[in-house]
Amino acid sequence: MPASRAVSTSEPGGSALAELVFAPLEAHVFLRYLLGAEPPAEVVERYRAANEKLFAEPASAADARLLDYVTRRPWALPMLDAAAAFRRPDSLLRRKLLVGAAVLEATPDFTARFLPQAVSVPRLVLRGALLGLSVAFKLVVGLILLSMVEAGGDER
């Protein structure tokens, strides 16, 4: 899938136009992050329709910069998701990820991924420890990246 280029959010109306340019790519990036695999076309369409209804207002400049950054650099999404959950829980990034999770959870083929699984206590403790280390790493790196994005750095 070819990547679209972002429209500068410093131009008048740039953030709304950037959202239009990135909508299909954003859906694939966000849903792939949440699912761990390429999302089916019908799920992408449902995500797009939900976003169209829920987020009709243009994004703020800060939110547009953050969405642009993670859409062009999907590797940064886990870190920026952790940082946004900590520092900007009401950000458009977090709200769009929650919509994506809701769309996936409501899709019969993926509901099992969202249901609790039986595991032994030692395995649960190990998973908890590994998850904690992973979150700590993502949060530290994400806070650095978020500060950089908010400052307008790395405009490439």
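F86 sits in helix 4 (residues 77–87); helices here are DSSP runs of H or I with at least four residues, numbered from the N terminus. Keep in mind that this is a predicted model, where local features need pLDDT of at least 70, side-chain atom pairs count only at pLDDT 80 or more, and totals for chains, interfaces and linings use all residues. Residues are numbered from 1 along each chain as its sequence is written, and side-chain values use heavy atoms, with hydrogens and water left out.

**F86 and its partners**
- With 56% relative accessibility, F86 counts as exposed (exposed is over 50% relative accessible area, buried under 20% and partly exposed in between, with a 1.4 Å probe and protein chains only).
- Leaving aside residues up to four places away in sequence, F86 touches L139 and L143; a contact means heavy atoms within 4.5 Å.
- F86 and G142 are 56 residues apart along the chain, and their C-alpha atoms are separated by 9.7 Å.

**K96, a buried lysine**
- K96 belongs to helix 5 (residues 92–105), and its 5% relative accessibility makes it count as buried.
- Not counting residues up to four places away in sequence, K96 touches E26, F30, Y47, N51, F55 and L67.

**The aromatic pair**
- Two of those K96 contacts, F30 and Y47, have ring centres 6.5 Å apart and planes at 75 degrees, so the pair is edge-to-face.
- A search of the whole structure finds one aromatic pair; rings of Phe, Tyr and Trp (its six-membered ring) pair if their centres lie within 6.5 Å, with planes under 30 degrees apart counted as stacked, over 60 as edge-to-face and the rest as tilted.
- F30 lies in helix 1 (residues 14–35) and Y47 in helix 2 (residues 41–54), 17 residues apart, so the pair links distant parts of the chain.
- Both F30 and Y47 are buried.

**Helix 3 against helix 5**
- The axes of helix 3 (residues 61–72) and helix 5 come within 9 Å and cross at roughly 55 degrees; they are lines fitted to C-alpha atoms over the stretch in contact, and angles run from 0 to 180 degrees between N-to-C directions.
- That makes helix 3 oblique to helix 5 (under 35 degrees is roughly parallel, over 145 roughly antiparallel, 65 to 115 roughly perpendicular and the rest oblique).
- D63, L66, L67 and V70 in helix 3 meet L92, L93 and K96 in helix 5.

**Confidence**
- The protein chain has a mean pLDDT of 85, and 83% of its residues reach 70 or more; pLDDT is the predictor's confidence in each residue, from 0 to 100.
- Over residues 1–22 the pLDDT is below 50, and this stretch has 37 contacts in the model beyond near neighbours in sequence.
- Where pLDDT is low, the predicted coordinates should not be read in detail.

Key. Helices (H or I, at least four residues) and strands (E, at least two) are DSSP runs, numbered from the N terminus.
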